[in-house]
Amino acid sequence: MKALSLTINRLVYPNPYENTLKAFSFFRLAIGFIVVFHYLAIIQDYKQLYSTSGLIDKELIALKSHGNYYLSTFYWAKVTGLTTQQLASLCMGGILLFGSFLSAGLFTRLSALLVLILHHLLHNNGPIYMYGVDLFTRMSLTYLVLFPSNHYFSLDKLFMKLKAPKNYDLLIFAFQIHVCIVYFFTGLDKSFGFNWWNGESFWKAIHMYDNSSVVTWFNWMHRYPVIPLILGWGAFLIELLYPLCIWMPRTRKIWLVSVIGLHLMIAIILKLYFFSAVMIVWNLTAFYFPFVKEKALRHA
Amino acid sequence: MKRILVFTFLAANLLFMILSNSVGAVQSFCDFYNYEKDSKVYKGIARLIDKPVVSNYLAISGFETGYGFFAPNVCSQIHIAYDFIDSTGKLIAQKAPEFDQHEGFLRFTTCYTDFVNAYFEPEPDSLSVKISDAMIKCVGRNMAKKVDGCSDVEANVYLYEYPKLSDSPDTCRPSFVNFRKLKIKAS
């Protein structure tokens with residue numbers, strides 16, 4: 001086990017301890033901010049989505065509920081005697097409060113756990129309104145329960161005596177493998193669709209109904225179909241080859257910049273701001289911060 | 001000892017992730033190309049992931065997530081517009097659900113994907129079609145509460161289409177094909 005750990009350390013990190021702890025702290029800070037801003041962005045439309053006077057009645061939404069029943073406001077409304085609307089408001093407030101605690105690094109692991117539970121309570125009875133960012137938020141919060149992420153820029157560090165973390169190398173390595181799995185399967189699934197090979201899927205993605213404000217930007221591409229073809233290939237090859245190229249020192253920076261560029265385009269064109277932000281944070285945590293001093297060390 | 005436990009936990013976690021995504025990839029490939037999923041390995045892995053302990057853990061931690069975004073194909077989109085009619089049959093308003101923030105709109109229209117999947121599946125009277133109809137009607141009924149004098153609502157479901165790359169370059173305009181009309185009594 002020790003030999004394996006040393007091999008991993010030598011293979012993956014030039015400066016494992018400090019860089020990894022900084023990476024975890026960055027992850028906590030960024031995810032905390034994203035959670036808070038994400039829920040602030042929902043708050044104005046919250047009534048239409050999650051309250052009993054919402055656009056779709058809760059009885060109908062319940063027909064589509066597939067989450068854990070014990071982690072839904074339906075169950076807790078029966079237990080506590082509060083209405084689902086009161087509970088949903090409490091969840092919303094709790095997410096904002098403990099999300100702020102999380103980014104400030106106050107009771108870090110407990111705050112992450114509470115935000116994760118409240119996220120389930122709020123969304124498990126309205127799963128029809130969930131999309132990718134919610135699932136990545138859940139995974140991020142689970143990692144924040146596991147990661148020692150309060151060693152930099154945190155109130156915990158200020159007020160408590162923190163122990164030197166153990167097993168941080170295994171945790172970051174597992175996280176890095178996870179990021180590779182995400183991109184590999186995203187690319188693999190795309191490669192199954194023949195429309196990704198002829199550029200039609202890329203063309204369709206940039207002309208979706210939701211991006212009606214930017215939809216005409218790309219009409220010129222219709223005269224040069226080779227451009228969407230190349231861009232479509234580029235998108236799924238960046239994803240499919242990610243697990244290979246991100247580990248090779250020569251291609252790591254190119255791949256990191258490419259994949260971050262891809263997410264910035266998703267944010268601008270598809271307007272998936274929070275999803276893109278979470279994915280950029282995952283990439284920086286896994287493959288930027290742990291390697292920051294690699295070049296300097298190689299010269300030393 | 002603790003290190004071995006952490007290692008085992010993380011390894012199991014990654015293994016479940018790989019297995020559930022492999023099942024997802026096979027499923028999306030077979031669904032897309034209409035293949036039967038009768039492999040014993042596929043069924044065995046799917047059964048393991050469906051075990052309550054595993055599936056609950058994956059669901060709570062979020063690790064159940066499938067990563068097939070925009071794959072294997074970019075899903076078709078729909079637009080729903082509502083006509084609000086008074087007791088004399090006169091059209092008094094025409095609108096779609098409105099939100100203050102883009103995030104609210106984005107979340108709400110996530111359920112449109114379920115509607116697309118329901119309306120374009122081979123079974124025209126399936127439970128998911130009935131649920132989709134009921135949800136669209138419910139939205140209309142709730143919107144009508146804010147329209148003075150409204151007695152009836154008509155929901156029009158449009159398929160949004162943009163010209164393909166293979167179409168003539170002169171036709172770069174989206175089209176909306178009305179494929180479903182639902183009558184709703186405002187109460």
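Predicted model: local features only at pLDDT ≥ 70, side-chain atom pairs only at ≥ 80, totals over all residues.
**Ground rules.** Local features need pLDDT of at least 70, side-chain atom pairs count only at pLDDT 80 or more, and totals for chains, interfaces and linings use all residues. Residues are numbered from 1 along each chain as its sequence is written, chains are lettered from A and ligands numbered from 1 in written order, and side-chain values use heavy atoms, without hydrogens or water.

**Sheet, chain B.** I looked up the strand order and found an open, antiparallel sheet of four strands, 2-1-3-4. Strands (E, at least two residues) and helices (H or I, at least four) are DSSP runs numbered from the N terminus; two strands pair if DSSP finds at least two bridges between them. Strand 2 (91–95) and strand 4 (175–185) each have a single partner strand, so one side of each lacks a neighbour in the sheet. I then checked strand 1 (77–85) against strand 3 (152–161) and found nine bridges. Asp83(B) has Glu154(B) as its bridge partner in strand 3.

**Helix 4, chain B.** I noted that helix 4 (102–119) lies across strand 1 and strand 4, at about 100 degrees to strand 1. Such angles run from 0 to 180 degrees between N-to-C directions, with axes fitted to C-alpha atoms, for helices over the stretch in contact (heavy atoms within 4.5 Å).

**Arg107(B).** I found this residue in helix 4 of chain B. Arg107(B) has 0% relative accessibility and therefore counts as buried (under 20% relative accessible area; over 50% is exposed, in between partly exposed; 1.4 Å probe, protein chains only). Residues that Arg107(B) touches include His38(A), Tyr50(A) and Asp134(A).

Terms used:
Lists of a residue's contacts leave out its neighbours within four places in sequence.
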